[in-house]
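Thanks for asking me to look this one over. My notes are below, as numbered points to read beside the model.

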Amino acid sequence: MTSPALAPPAPAPPRHRMTTWRLVLLGLVTALGPLSIDLYLPAFPELADELATSEAAVQLTLTACVVGLALGQLVAGPWSDARGRKAPVVAGLLAWSAASLACAVAPSITTLTLLRLAQGLAGAIGAAVARAVVRDLADGDQLTRAYARLMLVVGVVPIAAPSVGGLLLGTTDWRGLFVVLALAGALVTVLVAVGLPETLPAHLRRSGVRRSLESYGVLLRDARFVGPALVVGLVFAAMFSYVSVSPFVLRDGYDLSAATYGLLFGVNAVGLVLGTQASAALVARVPSAAVLRGALLAGAAAGLAMLAAAATGALGLWGVAVPLLVVVTSVGVGMPVASAWAMQGHPERAGAASGLLGVFQFLLGGVLAPVVGAFGGGSAVPLAAAVVLLLGVALAASRRPAPAAA
């Protein structure tokens with residue numbers, strides 16, 4: 001008989017694998033946050049008229065959602081480290097759907113703003129937990145490829161959502177758009193409840209406020225996290241600036257029709273998708289540092305070309321549109337690598353890392369994009385200057401040391 005002391009240890013439970021279906025589910029969860037930001041953008045004038053308020057007050061509803069998406073991840077990440085991944089994400093989806101439905105019946109702009117803050121806070125749970133689940137299931141270059149695949153779903157939403165919202169406004173009003181969001185959230189909730197396994201075993205969970213604060217302290221002292229997280233935030237700010245400002249720059253500045261503007265948006269969406277997939281292929285053949293820095297350098301150079309064309313009027317619309325496509329594509333190449341770098345070094349606190357990464361992303365994007373818009377006035381110069389500055393600083397930040405496994 002084998003002595004208990006000499007008995008072989010029980011085998012570890014099999015680890016769940018990252019599958020295409022799970023990536024799609026996580027992409028849908030993450031995409032709800034950006035969808036709630038951008039779907040109702042075409043309805044701003046109608047919303048202002050019905051609620052008898054100013055354009056600035058309507059813009060504040062957008063800011064409230066972005067702030068919620070940023071700050072909510074500070075709580076969502078450690079919560080998932082303590083309670084597992086599945087229960088928090090399902091709870092967040094239910095709360096997001098309820099907040100969306102409440103927005104549809106908001107009687108005033110003040111109420112709508114508060115509900116949008118709540119919607120952002122709830123949406124932050126899904127965004128933070130989804131990144132943590134990817135980290136639970138993938139490592140090294142596989143992690144970069146997984147984030148690249150995730151961006152197939154997530155990356156297109158901020159670009160495509162305004163066009164989808166415009167089409168929906170042909171059959172409903174701004175309140176109907178929030179009903180659509182609530183229904184989408186309910187559907188994703190069911191899919192996640194049925195199809196997403198728990199990826200954080202009970203013995204690996206970390207509970208307590210003290211541990212959460214310790215996790216954030218460890219992360220903020222680690223240059224391997226802060227550098228890539230800053231890159232993610234700066235690159236997202238450049239993309240968010242494009243999404244927020246381009247309707248005024250391209251439609252007003254270059255007198256584009258809605259159809260032509262939508263077509264240009266679609267071309268850039270394709271560039272973003274191709275960039276993410278190029279990133280997944282490149283990291284298998286080229287060091288990830290070279291992929292990230294090459295993407296940032298290409299984007300900054302394209303921003304310089306756009307700035308020169310916008311300032312001089314050279315080549316007209318083409319002088320802005322072509323460099324802009326290069327910028328968006330370079331974002332698609334660089335974002336998965338930077339996200340994987342940030343999440344690589346601390347698998348034991350993946351939820352906290354994901355939450356803090358989301359704060360960098362949405363806080364920088366939410367703060368800097370309106371600043372760019374304030375200098376817009378139909379000119380592409382402020383947008384181009386912002387792209388050069390943001391991607392240039394991101395390039396400098398990308399020189400911080402990456403995790404050894406990346």
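1. W174 and F178 sit four residues apart in helix α8 (residues 174–195), about one turn of the helix. Helices here are DSSP runs of H or I with at least four residues, numbered from the N terminus. Both W174 and F178 are buried, where buried means under 20% relative accessible area, exposed over 50%, and partly exposed in between (1.4 Å probe, protein chains only).

2. A word on what you are viewing: this is a predicted model, in which local features need pLDDT of at least 70 and side-chain atom pairs count only at pLDDT 80 or more, while totals for chains, interfaces and linings use all residues. Residues are numbered from 1 along each chain as its sequence is written, and side-chain values use heavy atoms, with hydrogens and water left out.

3. How many aromatic pairs does a search of the whole structure find? The search finds four. One of them joins W174 and F178, whose ring centres are 6.1 Å apart with planes at 90°, so this pair is edge-to-face. For Phe, Tyr and Trp (its six-membered ring), centres must lie within 6.5 Å; planes under 30 degrees apart count as stacked, over 60 as edge-to-face and the rest as tilted. Ring pairs also link Y40, W174 and F178 into a cluster.

4. Leaving aside neighbours within four places in sequence, S100 is in contact (heavy atoms within 4.5 Å) with Q119, F178, L181 and A182. Is S100 buried or exposed? S100 has a relative accessible area of 0%, so this serine is buried. Its side chain makes a polar contact with the side chain of Q119 at 2.8 Å. That term means a pair of N or O atoms within 3.5 Å; within protein, one must be able to donate a hydrogen and the other to accept it, and residues adjacent in sequence count only if both atoms are side-chain atoms.

5. V67, L71, L74, V75, W79, L117 and L121 make a nonpolar patch of about 530 Å². Patch residues have over 30% relative accessible area and no salt bridge, with nonpolar side chains (Val, Leu, Ile, Met, Phe, Trp, Tyr) joined within 5 Å and like charges within 9 Å. A salt bridge is a side-chain nitrogen of Lys or Arg within 4 Å of a carboxyl oxygen of Asp or Glu. Helix α3 gives the most to the patch, with five residues. L117 lies in helix α5 and, at 31% relative accessibility, counts as partly exposed.

Conventions. Areas by Shrake-Rupley, 256 points an atom, 1.4 Å probe, with all protein chains shown as cover. Helix = DSSP H or I, 4+ residues; strand = E, 2+ residues; numbered from the N terminus.
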